[in-house]
Amino acid sequence: MKHSLFVADLHLGPERPQTTRVFEDFARHTASRAEALYILGDLFEYWAGDDDLVDPHHATVTSTLAELSRSGTAVFIMHGNRDFLITEDFARAAHARLIPDPTLINLYGTPTLLMHGDTLCTGDTAYLAFRAKVRQPAWQMEFLARPLAERKAEIEALRQRSESDKQLKSIVEMDVHPDAVAAALREHGYPRLIHGHTHRPARHLHRIDGHDCERWVLDSWYDHGSYLRCDAAGCDPIQI
């Protein structure tokens, strides 16, 4: 049966080589049988710019995606909060297509809204302010003009600060807000919603304006690989 796969929050990096090997195996033996693979943000632990494609680890992931695309599986990539600096240079090398957040697709007859999920966490106002700043073209142009080593050092410092800040935030702050979910579903015609970011895998049912809407939250790849398999009959979460 025709089907598509959805993953998010893989956070691939040279410090977790086993996870990268799991991803390579997944791409070659599982995703290669699907019509499409949708990566809904945070493919990498972080991305300092497309000039980092020469990094051996990044080159491995890129060639794995290119191989998958050549096998006949369409590869779609959405920016996450860790890899929003991915641009068309990476997409061309990976034979992938960048898609905006959000993206509405017709998934085997079911309208399905794809998001990374961070914009649904409206309680985390500090993060959303930071997100608004770093998504500005002027900020990105200035940042990418700096030496790669300097960019990596700053990102690493930001990562450390973010981990410390998380200890001070409540679960409510870091999870999606029901009103934000309802607004997104309402705006896009009450579709199914698939997103990542929160690392809280689950299936939720929402009743919005008299419409029943299904929401799937994708798992992260920190402890194990996982994906959501969807076909005309519905969706199933699968651990690797």
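# Reading the helices and the sheet

Student: Which residues of helix H4 (residues 125–134) are buried?

Tutor: In H4 the buried residues are Tyr127, Arg131 and Val134. Buried stands for under 20% relative accessible area, exposed for over 50%, and partly exposed for values in between (1.4 Å probe, protein chains only). Helices (H or I, at least four residues) and strands (E, at least two) are DSSP runs, numbered from the N terminus. This is a predicted model, in which local features need pLDDT of at least 70 and side-chain atom pairs count only at pLDDT 80 or more, while totals for chains, interfaces and linings use all residues. Residues are numbered from 1 along each chain as its sequence is written, and side-chain values use heavy atoms, with hydrogens and water left out.

Student: Why are the buried residues of H4 said to line one face of the helix?

Tutor: Seen down the axis of H4, they fall within an arc of 75 degrees, so they line one face. The arc is taken over the directions from the helix axis to the C-beta atoms. The face turned away from that buried side carries the exposed residues Thr125, Ala126 and Ala129.

Student: What makes helices H1 and H2 roughly parallel?

Tutor: H1 (residues 17–29) and H2 pack at an angle of about 10 degrees, with their axes 9 Å apart. Angles under 35 degrees count as roughly parallel, over 145 as roughly antiparallel, 65 to 115 as roughly perpendicular and the rest as oblique. H1 and H2 are therefore roughly parallel to each other. Angles run from 0 to 180 degrees between N-to-C directions, and axes are lines fitted to C-alpha atoms, for helices over the stretch in contact.

Student: Why is one side of strand S4 (97–99) and of strand S11 (234–239) left without a neighbour in the sheet?

Tutor: Six strands form an open sheet of mixed pairing, in the order S4-S3-S2-S1-S10-S11. Two strands pair if DSSP finds at least two bridges between them. S4 and S11 stand at the edges, each with a single partner strand, so one side of each has no neighbour there.

Student: How do you know that S1 (residues 4–7) and S10 (residues 226–231) pair?

Tutor: They share three bridges, in the antiparallel sense, and the definition asks for at least two. Ser4 stands opposite Cys230 in S10.
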